[in-house]
Amino acid sequence: MNCAYPFARPLYVMAKPAGPLCNLRCQYCYYLEKRTLSNSPLKGEDSLPLREGLGGSFGMNSLLLEQYIRDYIQVQQMPDVLFTWHGGEPMLKPLSFYQRVVRLQQYYGRGKRISNSIQTNGIYLTPEWCQFLHDEGWLVGISIDGTQEQHDAYRRDAQGNGTWERVMNGIKLLNEYGVEWNAMATANHYNAQDPLAFYRFFRDELHCKYLQISPVVERIKEHSDGRHLAQLFDEDCPIAPFSIRPEEWGHFMCAIFDEWVRKDVGEVFVQLFDATLAGWMGVEPGVCVYAEECGHAAVMEHNGDVYSCDHFVFPEYKLGNIRTHGLPQMLYGTKQNRFSRMKKEALPRQCRQCLWLKACHGECPRLRFLKTADGEPGLNYLCAGYQIFFHHVAPYMDYMQRELLAGRPASGVMKLF
Ligand code: SF4
Ligand code: SF4
């Protein structure tokens, strides 16, 4: 098949081979309850969390996998193709599933440079898995929320037990086998109380170079189908207790920034700090949340359903199914383009006139459920936190911007202290 979109931007899909299934029951998880949205039964779910014996009988089947890999490679216009395996917990699919992934990528690759990343809670990592991840050069994203106390506050298994020790064992194995990995952490109501313990754990104990911190914000709304979380247009829904509050988010990131800007610039890369500096420099940040428009990263569920974004896996945002719709048709079509532009077009006046718009862009639309002071809808729940943060970091960002424009490294900012 020839692609009819020769000048299009890179096409990117995050695949969920085990759908929303997970071996854990993290209290703040927004994805577990997506099980109710799926038309296709997730066989084997009753056996969870015992993975042994599940085999590959649930989630994405081999026919769909082959179609996805073939189509995804075929429609790419660039020589580099990135596959991302996400969840739920993608390692609920056995290693043999991913060994087949590699064989199919080799078969359909036709000279493309293919890379893979997998986002996991790390519990199922074994020497065999790590050998595979190392040999195939996969990048692993590990979900961990800080020190044992911080992590175990919400990241628990189905029996209510903390999972930190098991995650740390997985990280130890990754290190032993030389697997490349990054940390993905949430900032929530619990770990927000001790930002320095949080940051120093990643820097000094895990020796993390790249740290992505995502604020947890959910609202409660009971649905007749058993779901508990609200979606964007639900009104008057209470904030879930595990959510980080706006001011907490602002002070949390300021405290981490103060430590980073004195000691770690150029050594540790914190996604929000990089994105803020990108905003100061007028270049595209590496993350959709702080970009002018939404990203073009769609999500494909285990049954082939494709949605606009991981945070908008709702029926209204379904773009089609890979069995019946082409990927370019879904990802470059009117519906997805409208979704992407909505981020900028729906900004309230307060954001459009904001001093920090260049770095914030109203953050993620999923959190725009507040009204502005003059009653206009669409203000981000975390706005007050971002105001605190941007105001605090502005002098340092100005300095780093000047250093970069003069051809010097941003790490020169550390000389100020
Ligand atoms: S809705 Fe949020 S997470 Fe999704 S693409 Fe837009 S900014 Fe990114
Ligand atoms: S800081 Fe607040 S007002 Fe400014 S762009 Fe961000 S969300 Fe909008």
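**Figure 1. His207 in the loop between H6 and E6.** His207 sits in the loop that joins H6 to E6. The model shown here and in the other views is predicted. Coming just after H6, His207 adopts a positive phi of about 55°. His207 counts as exposed because it has 9 C-beta neighbours inside 10 Å, and the cut-off for exposed is 12 or fewer. Val268 is 61 residues from His207 along the chain, and the C-alpha atoms of the two are separated by 8.9 Å.

**Figure 2. Helix H6 and its cover.** Helix H6 spans residues 195-205. Its buried residues are Pro195, Phe198, Tyr199, Phe201, Phe202 and Arg203. The elements that cover these buried residues include two helices, H4 (148-152) and H7 (246-263). They also include two strands, E5 (181-187) and E6 (210-215).

**Figure 3. Pro238 in the loop between E6 and H7.** The loop that holds Pro238 runs between E6 and H7. Pro238 has 10 C-beta neighbours inside 10 Å and therefore counts as exposed. Apart from neighbours within four places in sequence, Pro238 is in contact with Arg219 and Ile220. The C-alpha atom of Pro238 is separated by 8.7 Å from that of Glu218, a residue 20 places away along the chain.

**Figure 4. Packing of helices H1 and H2.** Two packed helices are described by the angle between their axes and the distance between the axes. For H1 (residues 62-74) and H2, the angle is about 40° and the axes are 9 Å apart. H1 and H2 are therefore oblique to each other. Their crossing is right-handed. On the H1 side, the contact is made by Ser62, Leu65, Glu66, Ile69, Arg70 and Ile73. The H2 side contributes Arg100, Val101, Leu104, Gln105, Tyr108 and Gly109. By class, the residues of this contact of H1 with H2 are six nonpolar, three polar and three charged.

**Figure 5. Packing of helices H2 and H3.** H2 (residues 95-109) also packs with H3 (residues 127-136), at an angle of about 15° and with the axes 11 Å apart. That angle makes H2 roughly parallel to H3, since angles under 35 degrees count as roughly parallel. The crossing of H2 and H3 is left-handed. From H2, the residues Leu95, Tyr98, Gln99 and Val102 take part in the contact. They meet Glu128, Trp129, Phe132 and Glu136 of H3. The residues of the contact of H2 with H3 comprise five nonpolar, one polar and two charged.

Figure 6. Most residues other than glycine have a negative phi, and most peptide bonds are trans. The peptide bond that leads from Gly87 to Gly88 is cis, and its omega is near 5°. Gly88 belongs to the loop between strand E2 (80-85) and H2.

**Figure 7. The shell around ligand 2.** The residues around ligand 2 include Cys351, Cys354, Cys360 and Cys383. Also in this shell are Gln350, Trp356, Leu357, Gly362, Glu363, Asn380, Tyr386 and Gln387. At least two shell residues come from each of helix H11 (349-352), helix H12 (357-360) and helix H13 (383-405). H13 provides the largest share, three residues. By class, the shell around ligand 2 consists of seven nonpolar, four polar and one charged residues.

Figure 8. The loop between H12 and strand E11 (370-371) contains His361. Glu363 is in the loop between H12 and E11 as well. Phi of His361 has a positive value, near 50°, and phi of Glu363 is also positive, near 45°. His361 counts as buried because it has 24 C-beta neighbours inside 10 Å. Glu363 is buried too, with 20 other C-beta atoms within 10 Å, because the cut-off for buried is 20 or more. Glu363 is also one of the residues around ligand 2.

Methods. Residues are numbered from 1 along each chain as its sequence is written. Chains are lettered from A and ligands numbered from 1 in the order in which they are written. This is a predicted model: local features need pLDDT of at least 70, side-chain atom pairs count only at pLDDT 80 or more; totals for chains, interfaces and linings use all residues. A residue is near a molecule or strand if its C-beta atom, placed from the backbone, lies within 6 Å of it. Helices (H or I, at least four residues) and strands (E, at least two) are DSSP runs, numbered from the N terminus. Ala, Val, Leu, Ile, Met, Phe, Trp, Tyr, Cys and Pro count as nonpolar, Asp, Glu, Lys and Arg as charged, and the others, Gly among them, as polar. Axes are lines fitted to C-alpha atoms, for helices over the stretch in contact, and angles run from 0 to 180 degrees between N-to-C directions. Angles under 35 degrees count as roughly parallel, over 145 as roughly antiparallel, 65 to 115 as roughly perpendicular and the rest as oblique. A crossing is left-handed if the near helix is turned anticlockwise from the far one by less than a right angle, and right-handed if clockwise. Two residues are in contact if their C-beta atoms, placed from the backbone, lie within 7 Å.
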